[in-house]
Amino acid sequence: MFTRRTLLGAVAAISLLGAATGAGAQDKLYVPLISKGFQHQFWQAVKAGADKAGEELGVEVTFEGPDNESQVDKQIDMLAAALAKKPAAIGFAALDSQAAIPLLKQAQDAKIPVIAFDSGVDSDIPVATASTDNIAAAALAADKLAELIGDAGKVAVVAHDQTSRTGVDRRDGFVNRMKESHPNVEIVTIEYGGGDHLKSTEITKAILTANPDIKGIFGTNEGSAIGVVNGVKEAGAKVVVVGYDSGKAQKDAVRDGSMAGAITQNPVGIGYETVKAAVAAAKGETVEKNIDTGFYWYDKTNIDSPEISAVLYD
C-alpha cells in the first residue's frame, strides 16, 4: 500500500542520491541487499550466501530487512537509506512491488543496477532476478498433497501474503495445479498470516473449526508452515500438512511426522547468485535475466540424503 511515509522515503532518496558521495565512489564495490525480513532462518541462509560471494569477489556486502514481512514502510526506508549511499548495485526482495517502484526508478536513473531476489520485483527495472521458480515449486507441493490425501477431499492454504511475488506465485501455483490436475480436491479457503507463525497458528485453528472434515493444509513459507503444524497440534486434528522452506522447526516436524514434507529452496544459492549478478552488472557485464536457483521436495525418505541436506538450513 502506498502511504505518506512511503512517498516521503522516495523523496528523501531522490535528494540523497544527488547529494551523497557514498561507497560507490570508493575502490571496493558496495552492494547492499534489502530482504523481505530478517527473523526467519531462510533469510539468515540467504545472508550466508551473499556474504560468501562478497568475500570471494572482494566486495562489501550488507544485508538487512524489516522485523517482519508486513512492514512495507520500514523496508522502503531501508531501500531509501541504501540507495542514498550510492552503491555499485543493489539487491532487493520486494514486500510490495508497487510501493518500491518510485525508488527503483531513481536507482535506474542513477545507473545503479537492481538485482531482484527471492520474491523479485513486479517490474522491468531489475536487470536480473535470482529466485526459485515459485509457481513450479508450489505446483509440486499441490501434487504431493493431493497424492497424500488420495487425490480427493478438502484442503486449505495458509499463505504469507498477497502482495509479494512469492506470495502470489506460491498461492497461484498451488491453486492452479489443483484445479488443472486434481479436480476432486477442493480448496475451501485461502488465508493470509503474514508469515507469522503465531498468527498462522490461530488462522489454522479457525480453518479446522470451520472445516472439521478437511484433509490437508499447505503453508507457503517457513512461518506459515510452522503455524499450520502448531495449529493442527493444538486442535488435536489429523490433517496432512505440506510446507515450504526449511529451518530446524520444519525439519523436526518432517522427522516426527507432524509435517508430511515440504519444498526447500536453495537460499544460500539465492544470496550468492544475487551478489554475483550485482557485481557483474556493476562492471557493465551481461547478466542472465532470470537466474533459477532451484527447488526440491523433501520428506522422511530423503531428508538426510546428500542432495537434500545440502540445501536445507537451520
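This is a predicted model: local features need pLDDT of at least 70, side-chain atom pairs count only at pLDDT 80 or more; totals for chains, interfaces and linings use all residues.
The C-alpha atom of Ser181 is separated by 9.4 Å from that of Ala146, and the two residues are 35 apart along the chain.

Now to the sheet. Six strands form an open sheet in the order S7-S6-S8-S9-S10-S12, and the pairing is mixed. At the edges stand strand S7, residues 185-192, and strand S12, residues 296-299; each has a single partner strand, so one side of each has no neighbour in the sheet. On average, neighbouring strands here are turned by 20° against each other, direction ignored. As background, strands of a sheet pair through backbone hydrogen bonds, either parallel or antiparallel.

One pair in detail. Strand S6, residues 153-159, runs parallel to S7, and seven bridges join them. Within this pair, Lys154 stands opposite Glu186 in S7.

Two helices go with this sheet. Helix H5, residues 134-148, lies across S6, S7, S8, S9, S10 and S12, and runs at about 165° to S9. Helix H8, residues 222-235, also packs on the sheet, where it touches S6, S8 and S9. The direction of H8 makes about 165° with that of S9.

Between S8 and H8 there is a loop, and Thr220 lies in it. Thr220 has 0% relative accessibility and therefore counts as buried. Leaving aside residues up to four places away in sequence, Thr220 touches Val157, Val158, Ala159, His160, Arg170 and Tyr244.

Next, strand S5, residues 128-131. Which residues of S5 are buried on each side? Ala128 and Ala130 are buried on one side, Thr129 and Ser131 on the other, and both faces of the strand are covered. S5 pairs with strand S4, residues 114-117, in the parallel sense over three bridges. In that pair, Ala128 is the bridge partner of Ile115. S5 also pairs with strand S11, residues 290-292, again parallel and over three bridges. Here Thr129 stands opposite Asn290.

Thr129 and Asn290 come up again in the pockets. The largest pocket holds about 370 Å³ of space. Its lining has 21 residues, and those nearest its centre are Thr129, Ser131, Arg165, Asp169 and Asn290. S5, H5, H6 and S11 each supply at least two residues of this lining. By class, the lining of the largest pocket has four nonpolar, nine polar and eight charged residues.

The second largest pocket has a volume of about 250 Å³. Of the 16 residues lining it, His40, Gly195, Asp196, His197 and Gly223 are the closest to its centre. Helix H7, residues 197-210, and H8 are the elements that give two or more residues to this lining. H8 provides the largest share, three residues. The lining of the second largest pocket divides into two nonpolar, 10 polar and four charged residues.

How many cavities of 30 Å³ or more does the structure hold? It holds one, and the volume of this largest cavity is about 90 Å³. The cavity is lined by 13 residues, with Phe42, Trp43, Glu69, Asn221 and Asp245 nearest its centre. Helix H2, residues 41-57, and helix H6, residues 165-181, each supply at least two residues of that lining. By class, the lining has two nonpolar, five polar and six charged residues.

Terms used
Residues are numbered from 1 along each chain as its sequence is written. Side-chain values use heavy atoms; hydrogens and water are left out. On a 1 Å grid over the protein atoms alone, a cavity is a set of points where a 1.4 Å probe fits but cannot get out, and a pocket is an open set with protein on both sides within 12 Å along at least five of seven lines; lining residues have an atom within 4 Å of a point. Grid points are joined across faces, edges and corners, and a volume is the space filled by probe spheres set on the points. Helices (H or I, at least four residues) and strands (E, at least two) are DSSP runs, numbered from the N terminus. Ala, Val, Leu, Ile, Met, Phe, Trp, Tyr, Cys and Pro count as nonpolar, Asp, Glu, Lys and Arg as charged, and the others, Gly among them, as polar. Two strands pair if DSSP finds at least two bridges between them. Axes are lines fitted to C-alpha atoms, for helices over the stretch in contact, and angles run from 0 to 180 degrees between N-to-C directions. Contact means heavy atoms within 4.5 Å. Buried means under 20% relative accessible area, exposed over 50%, partly exposed in between (1.4 Å probe, protein chains only).
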